[in-house]
Amino acid sequence: MQKKGKFDYILLETTGLADPGAVASMFWVDAELGSDIYLDGIVSVVDAKYALQHLLEEKPEGLVNEAARQVALADVLLINKTDLVSTKELEDVRSVVRSINGLVKILETQRSRVDLTKILDLHAFDSLSVKSLQDKFTTSNSHQHLDKSIVTVTFEVFGNVTDEDLHLFIQNLLWEKNVKNKSGVSMEVIRLKGLVALDNKQEQVIVQGVHELYDLEETQVKWEGEKLNRMVFIGRHLDKDILKQLFESALKR
């Protein structure tokens, strides 16, 4: 980054089944990096022929399925080698991917050939993604949760939340990890997205989180009519009813 003007775009490729969340987090933690470059989005690739084998692999208790975690963190997902599988097999892969990450944009490819405009300039982590997030909420359907370990939970709630109560809600979930499901197991959030109405703001605020790190960014989009908070959680042991109830209790009365 010291070579000013030498880069238009930087692609970081993690090795094998590395956790892309660790790389993504770096852009929020390192202020020196963050001042010059921003995180545009996370792109993951799955092999259509072997995807189910990896995504549905049972891991020992306490361990995350690495392949499923990569799907969970993705903003765009390439299902590659579609020419090597049947229509039914491809549909099964789509269903499993959607059950893990209900909002991911799926591109189907052969030999990884893809239009670069579909995987670059995603703006998945900034205020330009507001419209995209709204669209995804209106088109998102609940998918059968084939993979029991990692799932997507979404809900919408009307109202305002104070800055302090929102931080408390997120920190209890991401940092303290003291939010438990009905079985008494702590919920583990891998990816968090949301549009929220802060009590003292006229504009919509976007919430982004990866693992323990999260960020709030004020957008240029003003609320019209009643304020509808939209939240998305991707992770393990999640319970929609409890998450929604806790968020509702954080809202200003």
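Buried denotes a relative accessible area under 20%, exposed one over 50%, and partly exposed anything in between, computed with a 1.4 Å probe on protein chains only. The structure shown is a predicted model, in which local features need pLDDT of at least 70 and side-chain atom pairs count only at pLDDT 80 or more, while totals for chains, interfaces and linings use all residues. Residues are numbered from 1 along each chain as its sequence is written, and side-chain values use heavy atoms, with hydrogens and water left out.

**View 1. The aromatic pair Phe155 and Phe247**. Rings of Phe, Tyr and Trp (its six-membered ring) count as a pair if their centres lie within 6.5 Å; planes under 30 degrees apart are stacked, those over 60 edge-to-face, and the rest tilted. The model holds 5 aromatic pairs by this rule. In the pair of Phe155 and Phe247 the ring centres are 5.8 Å apart and the planes stand at 55°, so the pair is tilted. Phe155 belongs to strand β4 (residues 150-158) and Phe247 to helix α8 (residues 240-250), so the pair ties together parts that are 92 residues apart in sequence. Helices (H or I, at least four residues) and strands (E, at least two) are DSSP runs numbered from the N terminus. Phe155 and Phe247 are both buried. A cluster linked by ring pairs comprises Phe155, Phe169, Phe233 and Phe247.

**View 2. Parallel pairing of β1, β2 and β3**. Two strands pair if DSSP finds at least two bridges between them. β1 and β2 pair in the parallel sense over 5 bridges, with Val45 opposite Leu78 in β2. Strand β2 (residues 76-80) also pairs with strand β3 (residues 105-108), in the parallel sense and over 4 bridges; here Val76 stands opposite Lys105 in β3. Ser44 and Val46 form the covered face of β1, whereas Val43, Val45 and Asp47 form the uncovered one.

**View 3. The β-α-β unit of β2, α5 and β3**. A crossover is right-handed if, with the strands pointing away from the viewer, the path from the first strand over the helix to the second runs clockwise.

**View 4. The largest pocket**. A pocket is an open set of points on a 1 Å grid over the protein atoms alone, with protein on both sides within 12 Å along at least five of seven lines; lining residues have an atom within 4 Å of a point. The largest pocket holds about 1300 Å³ of space. It is lined by 47 residues, of which Leu11, Leu12, Glu13, Gly41 and Val43 are the closest to its centre. At least two lining residues come from each of α1 (20-29), α2 (31-36), β1 (43-47), α3 (51-55) and α4 (66-73). The lining of the largest pocket divides into 30 nonpolar, 9 polar and 8 charged residues.

**View 5. Ser112 and His123 in the loop between β3 and α6**. Ser112 is located in the loop between β3 and α6 (130-139), and His123 is found in the loop between β3 and α6. Phi of Ser112 is near 60°, a positive value in a residue other than glycine; phi of His123, near 50°, is likewise positive in a residue other than glycine. Ser112 is partly exposed, at 40% relative accessibility.

View 6. The C-alpha atoms of Asn65 and Leu55, 10 residues apart along the chain, are separated by 7.0 Å.

Conventions:
1 Å grid on protein atoms, 1.4 Å probe; cavity = no way out; pocket = protein on both sides within 12 Å on 5 of 7 lines; lining within 4 Å. Points joined across faces, edges and corners; volume = space filled by probe spheres on them. Nonpolar A, V, L, I, M, F, W, Y, C, P; charged D, E, K, R; others polar.
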